[in-house]
Amino acid sequence: MELKRVVVTGLGALTPIGNSVPEYWNALLNGVSGAKPVALFDASKHKTQFACEVKGFKPEEHFDRKEARKMDRFTQYGVVAAREAIKDSGLNTETENLDRIGVIYGVGIGGLTYYEEQTAEFYAGDGTPMINPFLIPKMISNIVGGHISIEYGFHGPNFVCASACASSNSALGTAFNLIRLGKADVIISGGAEAPLTPCSLGGFGSMHALSTRNDSPETASRPFCKSRDGFVMGEGAGCLVLEELEHALKRGAKIYAEVAGEGASSDAYHLTASHPEGLGAVIVMKSALEDAGMQPSDIDYINAHGTSTPVGDASEVKAIKEVFGEHAYKLNISSTKSMTGHLLGAAGAAEAVATVLAIKNDIVPPTINFTGEEDENIDYKLNFTFNKPQKRSIRAALSNTFGFGGLNAAIIFKKFSN
């Protein structure tokens, strides 16, 4: 069968450096770091005492009190980003066939905040199970899609992809496939995460995965720099409205970019560490290129996974060089995690928004915090777009995400041309 074409018609974002798409994009281009000392709870006894939190978010500005009480923070973030994307897309729910509109999100952890709060209350009491009836629906990761579909009346496919830090790209790739197979006309797709709790910060810290640069949080996320010492936890949401091309043209929608291809792979190597030679990363990028019917030379920009971990960054660079060969030296690479921190399951969605806007505006957001210190395991002849954005024509861009368990997902966007 002939596959249908899929385009991006709406964007939404709620991030540590901006609570809307315009704020987020402006902060990316200005190299703003979202890292600050943790404000959500007392982190003074943790090895890492900072993170990239969403700032100035007030649930009461978006939900009535009764509705807000039904949602963990990750769900609130996901719904708000979806609202922005849907409004941006111009979809008219009064005239659309709602049976053909779905919601597919990526969530790595889910409602950890409320789960920890309820657990603490339980063990502080006498053992009587006086548990809030909203515990389970606030905790389960798929509930974000449920809230979005209920609010808008969307009856199409609705589920969550959970592949750790690759979750959002898994969701976007799945949504892309369902639309091009004719299973839906529109899918609201992205990711949401609110993992900043005492236990999660402590858990990632005990794995030695986090930066401990407590004296300088803003410079702690420094992908591809020799002095990098771990990632910075983040939170937030990103959302894209993916739409079948003819459906979008028929209603006169603006089109940001076209989804060209997607890939998925597994390292089959280690629970938490990247394959040192970037094996799974090589496979997933090649898979995405093959799916898109593209050659490596067709890609002008890679939004790297680039978490700022010693092994992960080096292995991704090896993989990029293997896949792209000599063309690797002609494209731009950047890690927007240097500014947003690592949004875990929501990372791919926030980065997809950045990638689409890079294509639309022909400008590459930077990798900030590079100090000039060079790691012998990284080839600095590659253009990592250090510290300042760069203008260039971007025909197509690839966005990488890699997760614990060795799970990898990549997606390619390209300039739309009818």
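Visitor: Where in the chain is the place of M1?
Guide: Keep in mind that this is a predicted model. Strand β1 covers 6–14. M1 has its place in the segment before β1.

Visitor: Is M1 buried or exposed?
Guide: Exposed means over 50% relative accessible area. M1 comes out at 76%, so the label for M1 is exposed.

Visitor: Which residues make the nonpolar surface patch with M1?
Guide: The patch has an area of about 330 Å². Besides M1, the residues that make this patch are L3 and L181.

Visitor: How many disulfides does the structure hold?
Guide: A disulfide needs two cysteine sulfur atoms within 2.5 Å. For C161, which is buried at 12% relative accessibility, the closest cysteine sulfur is in C239, 14 Å away, and that is too far for a bond. C165 is in no disulfide either, as its nearest cysteine sulfur, in C52, is 14 Å away. For the structure, the number of disulfides is zero.

Visitor: Is β13 mostly covered or open, and how many of its residues are buried?
Guide: Strand β13 takes in residues 396–403, and it is mostly covered. On one side A396, L398, N400 and F402 are buried, and on the other A397, S399, T401 and G403 are too. The number of buried residues in β13 is eight of eight.

Visitor: Which residue in β14 does A397 stand opposite?
Guide: A397 belongs to β13, where it is the bridge partner of Y301. Strand β9, residues 301–303, pairs with β13 in the parallel sense over three bridges. β14 and β13 run antiparallel, joined by eight bridges. In β14, the residue opposite A397 is F413.

Visitor: Which residue in the turn between β13 and β14 has a positive phi?
Guide: β13 and β14 form a hairpin, with three residues between them. The phi in question is about 90°, and the residue that has it is G405.

Visitor: Why is the pair of Y380 and F384 edge-to-face?
Guide: The count of aromatic pairs comes to eleven. In the pair of Y380 and F384, the ring centres are 6.1 Å apart and the planes stand at 65°. Planes over 60 degrees apart count as edge-to-face. So, with 65° between the planes, the pair of Y380 and F384 is edge-to-face.

Definitions and conventions. Residues numbered from 1 in each chain as written. Predicted model: local features only at pLDDT ≥ 70, side-chain atom pairs only at ≥ 80, totals over all residues. Heavy atoms only, no water. Buried < 20%, exposed > 50% of the residue type's maximum accessible area, 1.4 Å probe, protein only. Helix = DSSP H or I, 4+ residues; strand = E, 2+ residues; numbered from the N terminus. Pairing = 2+ DSSP bridges. Patch = residues over 30% accessible without salt bridge, like charges linked within 9 Å, V, L, I, M, F, W, Y side chains within 5 Å. Areas by Shrake-Rupley, 256 points an atom, 1.4 Å probe, with all protein chains shown as cover. Salt bridge = Lys/Arg side-chain N within 4 Å of Asp/Glu carboxyl O. Phe/Tyr/Trp six-rings, centres within 6.5 Å; stacked < 30°, edge-to-face > 60°.
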